Amino acid sequence: MSEDEFRIALSRFTAGVVLVTAHDPEEGPSGEDVGMTATAFMSVSLDPPLVMVSVRNGSRMDELLERQPHWAVSVLSEGQRHIAGRFAMKGRISDRLLFEDMSVVRGEHTDAPLAVGALATLECRTEQRVTAGDHTLVVARVLAAAAPAAEGGPLTHFRGRYRTLG
């Protein structure tokens, strides 16, 4: 099996799209917010409340989450495709510029930015990191969860493109 065959087969699996964020207090005088789009995100346990995200080894988010245990997830709505695309760009601009004109609120437990208009938000604390091939699985306890946006459907990813239900 080639890498392309594997990638094509998995592109047939529909996944929800989230924005994973964290605040890096060590970057600059007031710190810096970091974000990445993810589709490899899932609920792991209800008791205790655990979630998991997969991050590419050596990525900025992987390096940050190795030393910063507090992070957040915004479950993106169908109207937030531009946010997903912005934080998924290859060769993208600095995180500071990515957040510059984005509406966010600060997580009470994590100080991480939460996207205004997200269908749901979760604030998390890393409990375990597991290396799995070229990615790290980050398992975290959910410290707070909210569902601020009652309208609209989820943003999904299928066959390499962002899509909406319906």
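Residues are numbered from 1 along each chain as its sequence is written, and side-chain values rest on heavy atoms, with hydrogens and water left out. Because the model is predicted, local features require pLDDT of at least 70 and side-chain atom pairs count only at pLDDT 80 or more, whereas totals for chains, interfaces and linings use all residues.

Secondary structure elements are DSSP runs numbered from the N terminus, with helices (H or I) of at least four residues and strands (E) of at least two. Three strands form an open sheet in the order 1-11-12, with antiparallel pairing; two strands are taken to pair if DSSP finds at least two bridges between them. Strands of a sheet pair through backbone hydrogen bonds, in either a parallel or an antiparallel sense.

Strand 1 pairs with strand 11 (residues 155-158) in the antiparallel sense over two bridges. Across this pairing, Ala 15 stands opposite His 157 in strand 11, and Gly 16 stands opposite Thr 156 in strand 11. Strand 11 is joined to strand 12 by four bridges, and these two strands also run antiparallel. His 157 has Tyr 162 as its bridge partner in strand 12. A hairpin is formed by strand 11 and strand 12, with two residues between them. Arg 159, in the turn of this hairpin, has a positive phi of about 50 degrees although it is not a glycine. The relative accessible area of Arg 159 is 48%, and the residue is therefore partly exposed; this class lies between buried (under 20% relative accessible area) and exposed (over 50%), calculated with a 1.4 Å probe and protein chains only. Helix 3 (residues 81-88) lies across strand 11 and strand 12 and runs at about 160 degrees to strand 12. Here contact means heavy atoms within 4.5 Å, while axes are lines fitted to C-alpha atoms, for helices over the stretch in contact, with angles from 0 to 180 degrees between N-to-C directions.

Most residues other than glycine have a negative phi, and most peptide bonds are trans. The peptide bond from Asp 47 to Pro 48 is cis, with omega near 5 degrees, and Pro 48 is found in the loop between strand 4 (41-45) and strand 5 (50-56). Asp 111, a residue other than glycine, has a positive phi near 65 degrees. This residue, Asp 111, is placed in the loop between strand 7 (104-106) and strand 8 (113-115) and is partly exposed at 36% relative accessibility.

On the surface, Met 1, Phe 6 and Leu 10 form a nonpolar patch with about 390 Å² of accessible area together. Patches consist of residues with over 30% relative accessible area and no salt bridge, where like charges are joined within 9 Å and nonpolar side chains (Val, Leu, Ile, Met, Phe, Trp, Tyr) within 5 Å. Accessible areas come from the Shrake-Rupley method with a 1.4 Å probe, and for residues only the protein chains shown count as cover. Met 1 is found in the segment before helix 1 (3-10) and is exposed, at 81% relative accessibility.

The model contains 13 salt bridges, each defined as a side-chain nitrogen of Lys or Arg within 4 Å of a carboxyl oxygen of Asp or Glu. Asp 24, Glu 26, Glu 32, Arg 60, Arg 67 and Arg 96 are linked in a network of such bridges. Asp 24 and Arg 60 meet through their side chains at 3.6 Å, N to O; this pair links distant parts of the chain, with Asp 24 in strand 2 (residues 18-24) and Arg 60 in helix 2 (residues 60-67), 36 residues apart. Asp 24 also forms a salt bridge with Arg 67, with the closest N and O atoms 2.9 Å apart. Asp 24 lies in strand 2 and Arg 67 in helix 2, so this second pair ties together parts that are 43 residues apart in sequence. Glu 32 forms a salt bridge with Arg 60, the closest N and O atoms lying 3.1 Å apart. Since Glu 32 lies in strand 3 (residues 32-38) and Arg 60 in helix 2, the pair ties together parts that are 28 residues apart in sequence. Asp 24 is buried, with a relative accessible area of 1%, and Glu 32 is buried at 8%. By contrast, Arg 60 is partly exposed at 30% relative accessibility, and Arg 67 is partly exposed at 43%.
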